[in-house]
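Let's take a walk through this fold, starting with the overall layout and then zooming in. Keep the viewer open as you read.

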Amino acid sequence: MSELYRADFGDTPLTADEIQGLIPSLATQRELNEVEFANVMSGRRWALSPRRLATADVLNVSYLLELHRHMFDATWRWAGKVRTTERTLGVPPHRILPDLGALLGDADYWVKNSSHPPDELALRFHHRLVSIHPFSNGNGRHSRLAADILALRLGRPIFPWGGTSSNDEARRREYLAALRSADGQDYSPLVAFARGTGKNVAAP
Ligand SMILES: Nc1ncnc2c1ncn2[C@@H]1O[C@H](COP(=O)(O)OP(=O)(O)OP(=O)(O)O)[C@@H](O)[C@H]1O
Ligand SMILES: [Mg+2]
């Protein structure tokens, strides 16, 4: 079983306990990827349905946990639950809920006061959320979708997240480099990457 979950580049390895939280009985990493992919797609459909979007309050802890649950509930028993173990990335477990509360308060202020242009505001939210790293896994996918939902609320389309790039590895490197720039308060590489105007955009 411990062979099953091999962490990818920029990914968080799981602990043995968390691997025990796997719901379906799977033999390979590929099967896990397929199950997770289908689960995430169903979570996206849940979140992005017009009826759900009309009432969604993305700047709310309960909603963020519910969103993670819908994205991973057929895969992991700990879907929608904040992690209880330390990570090399993210805050210590006891800081997760307080730091989420602080982020949601900040983001609410940014929205009410138009503190940043809408795309940058949504990506500041993404960067802070993924830096807290609330969950054992799925933080990247969850916080990108949460930023998409916030962008929609701000009247912007969802982000392609470098989606026009034909080179997955170059795109991943650009994304992680953009997050590191955001660590230093420079958000322009993350805005360029997420909007698909970054350096790995494929020629038309
Ligand atoms: N140095 C870093 N600083 C901040 N965030 C990082 C850094 N490295 C990785 N990340 C974020 O952590 C995410 C990986 O965390 P996790 O494995 O929980 O998410 P995931 O959804 O499974 O991954 P993926 O992004 O591959 O779909 C990356 O997508 C990225 O958003
Ligand atoms: Mg992961």
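Helices here are DSSP runs of H or I with at least four residues, strands are runs of E with at least two, and both are numbered from the N terminus. What you're looking at is a predicted model, where local features need pLDDT of at least 70 and side-chain atom pairs count only at pLDDT 80 or more, while totals for chains, interfaces and linings use all residues. Residues are numbered from 1 along each chain as its sequence is written, and chains are lettered from A and ligands numbered from 1 in the order in which they are written.

On that basis, the chain has nine helices and zero strands. Call a residue buried if 20 or more other C-beta atoms lie within 10 Å of its own, exposed if 12 or fewer, and partly exposed in between, with C-beta atoms placed from the backbone. By that count, 32% of the 204 residues are buried. Two residues are in contact if those backbone-placed C-beta atoms lie within 7 Å. Of the contacts with a separation of 6 or more, 63% join residues 24 or more positions apart.

Now zoom in on helix α5, residues 96-113. Buried in α5 are L100, L103, L104, A107 and W110. Seen down the axis, these buried residues fall within an arc of 125 degrees, so they line one face of the helix (the arc is that of the directions from the helix axis to the C-beta atoms). They pack against α4 (61-72) and α6 (118-132). On the other side of α5, exposed residues include P98, Y109 and K112. Just after the helix, S114 takes a positive phi of about 45 degrees.

How do α5 and α6 sit against each other? Their axes come within 10 Å and cross at roughly 175 degrees. Axes are lines fitted to C-alpha atoms, for helices over the stretch in contact, and angles run from 0 to 180 degrees between N-to-C directions. Over 145 degrees counts as roughly antiparallel, so α5 and α6 are roughly antiparallel.

Finally, look at L145 in helix α7 (residues 139-153). L145 counts as buried because it has 24 C-beta neighbours inside 10 Å. Leaving aside neighbours within four places in sequence, L145 is in contact with R44, A47 and L67.

Note on methods
Parallel < 35°, antiparallel > 145°, perpendicular 65-115°, else oblique.
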